[in-house]
Amino acid sequence: MPDVIVVGAGPAGSAAACHLARSGLDVHVLEKSAFPREKVCGDGLTPRAVRELLDLGVDIDAPGWFRNRGLRLIAGDRRLELPWPDTGYPPFGLTRTRHDLDDILARHAVAAGAVLSQNTKVTAPLRDRTGRVTGVRTDAGEHRAPIVIAADGASSRLSVALGLHPRRDRPIGTAARRYYRSPRHDDPYLEAWLDLVPAGYGWVFGMGDGTCNVGVALLRTAHADTRRLLDGWLARTPPDWGFTEDNAVSPLRGAALPMGYTRRPHYLPGLLLTGDSGGMINPSTGEGIGYALEAARIAAETVRAALAAPTPGARERALYTYPSAIRQANGRPFTLGRTFARAIENPLVMRAATRAGLANPPLMRFALTLLGNLTDPSADHLAAALTRLAPAS
Ligand SMILES: Cc1cc2nc3c(=O)[nH]c(=O)nc-3n(C[C@H](O)[C@H](O)[C@H](O)COP(=O)(O)OP(=O)(O)OC[C@H]3O[C@@H](n4cnc5c(N)ncnc54)[C@H](O)[C@@H]3O)c2cc1C
């Protein structure tokens, strides 16, 4: 019997498996698809995600990774380039298709010693008489382990089967993306257009491989006509991007953005929730990969401590620290993010914020640091103080 079963081998699952295997634990990852496979995403990695990739030992100097310097914000006729803040994170972001990224991370976990079963769909949790999760069922049979990590994404069937439905008081957003061939595929800035719709934005992320990942994110609603929004926006992008139907190399595909801890608690006896299964996307930006990798690291640290505990009671106490460790890491910035996203649902606030913001680079730099959750508490006193004022709920 393995020490840990991980359900899902997206960024959260593979990172958790990698950390656990590296510390000598037996880990079995069950993944319903087979790598490499497509995953709908913007493919943008902020310095926060880069830090986690470096911590995992992923070789980001290998061919295929494309670095970016920061964010270019556009609203009306104003534009502003903001390099990533110098706050202790790596000074660059990356792009990499999820087709590649998830494959690389899954291989990385296997190289660290995890066992990966692909084409293996988890259909239900297994529980003992007390209700504790003791494993999972797949089409092929039953798998048991003292601890199970849910990393099965936004719809997390595993969590739903245990009664953990998305919270109604937390919005679920939506995003959709399409790839285009573009002469500007190697633009060194991630570009965000802020004047498309309240509480939403359009993005252009150069992939450095001849294409751009182009999409729209709506932070407050899962019901929207993303195709109409994207088409209307792309019709007014500068022609040098080349976003015409002829240059489209994929269909438009979208998926949900579970943000600001839409599903809680993050621990049920025997089961830890990581990444999208626990709604761990930043509510003000839609970024989820860095947070999934971070939660995976925290989950692995928690599990390692629990399995080293001398008694079953001490083990359980260690596991129960996981939700507060997650809240401690990002609860406050997520509360700020939810407040911000709610405010900019009002078109007047959105317009005022973007116009005034783009006219004031220091203010925008500050907002990027704060809302992008890239503050360095030891150096950035105001941002850190504002973050501390928000409750970690
Ligand atoms: C259009 C769009 C654009 C986005 N852009 C960005 C971006 O640019 N940057 C960013 O940081 N975030 C972005 N996000 C968010 C990001 O995609 C997610 O936060 C991230 O994928 C979460 O990783 P995860 O490992 O938790 O879940 P997932 O990546 O969803 O992985 C879950 C895994 O579990 C597997 N699985 C599911 N059910 C089962 C089952 N029953 N049995 C076995 N396996 C199962 C799935 O096949 C999958 O491999 C975007 C999201 C969308 C929808």
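The protein carries 47 positive and 38 negative charges, and their mean positions sit 7 Å apart. For this count, Lys and Arg are positive and Asp and Glu negative, while His and the chain ends are left out. Each charge is placed at NZ of Lys, CZ of Arg, CG of Asp or CD of Glu. The model is a predicted one, in which local features need pLDDT of at least 70 and side-chain atom pairs count only at pLDDT 80 or more, whereas totals for chains, interfaces and linings use all residues. Residues are numbered from 1 along each chain as its sequence is written, and side-chain values use heavy atoms, with hydrogens and water left out.

As for the overall build, the secondary structure comes to 11 helices and 19 strands. Both are DSSP runs numbered from the N terminus, with helices (H or I) of at least four residues and strands (E) of at least two. The radius of gyration is 21 Å, close to the 21 Å that the globule rule gives for 393 residues, so the protein is as compact as a globular protein of that length. That radius is taken over C-alpha atoms, and the globule rule is 2.2 Å times the number of residues to the power 0.38. Along its principal axes, the C-alpha trace spans about 65 × 45 × 40 Å.

Of the 393 residues, 57% count as buried. Here buried means under 20% relative accessible area, exposed means over 50%, and partly exposed covers what lies in between (1.4 Å probe, protein chains only). The accessible surface comes to about 16,200 Å², and 54% of it belongs to carbon and sulfur atoms. These areas come from the Shrake-Rupley method with a 1.4 Å probe, and for residues only the protein chains shown count as cover. Turning to contacts (heavy atoms within 4.5 Å), 73% of those between residues at least 6 apart in sequence join residues at least 24 apart.

What does the inside look like? In soluble globular proteins, nonpolar side chains tend to be buried together. A nonpolar core is taken as a set of buried Ala, Val, Leu, Ile, Met, Phe, Trp, Tyr and Cys residues joined through side-chain atoms within 4.5 Å. The largest one here has 54 residues, and Leu 53, Ile 149, Leu 272 and Val 303 touch the most other members. Helix H6 (residues 289-307) supplies the largest share of this core, 12 residues. Leaving out residues up to four places away in sequence, Val 303 touches Val 4, Leu 20, Leu 25, Ile 147, Ile 149, Leu 272 and Leu 319. Apart from this core lies another, made of 23 residues, including Leu 80, Leu 190, Leu 219 and Met 259.

The backbone has a few spots to look up. Two peptide bonds are picked out as cis: Phe 35 to Pro 36, with omega near -5 degrees, and Arg 264 to Pro 265, with omega near 5 degrees. Pro 36 sits in the loop between strand S2 (27-30) and strand S3 (44-45), while Pro 265 is in the loop between strand S17 (253-258) and strand S18 (267-268). The S2-S3 loop also holds Asp 43, which has a positive phi of about 65 degrees although it is not a glycine. Asp 43 is buried, with a relative accessible area of 0%. Asn 119, in the loop between strand S8 (115-117) and strand S9 (122-127), has a positive phi too, near 50 degrees, but Asn 119 is exposed at 59% relative accessible area. Just after helix H10 (residues 361-371), Asn 373 takes a positive phi of about 60 degrees. Within H10, the buried residues include Met 364 and Leu 368.

Two arginines are also tucked away. Arg 177, in strand S13 (residues 172-181), counts as buried at 1% relative accessibility. Beyond four places in sequence, its contacts include Glu 38, Trp 203, Asn 213 and Ser 250. Arg 96 lies in the loop between strand S7 (93-95) and helix H3 (98-112) and is buried as well, at 11%. Among the residues touching Arg 96 are Asp 43, Trp 65 and Met 207. Arg 96 and Met 207 are 111 residues apart along the chain, yet their C-alpha atoms are separated by 6.5 Å.
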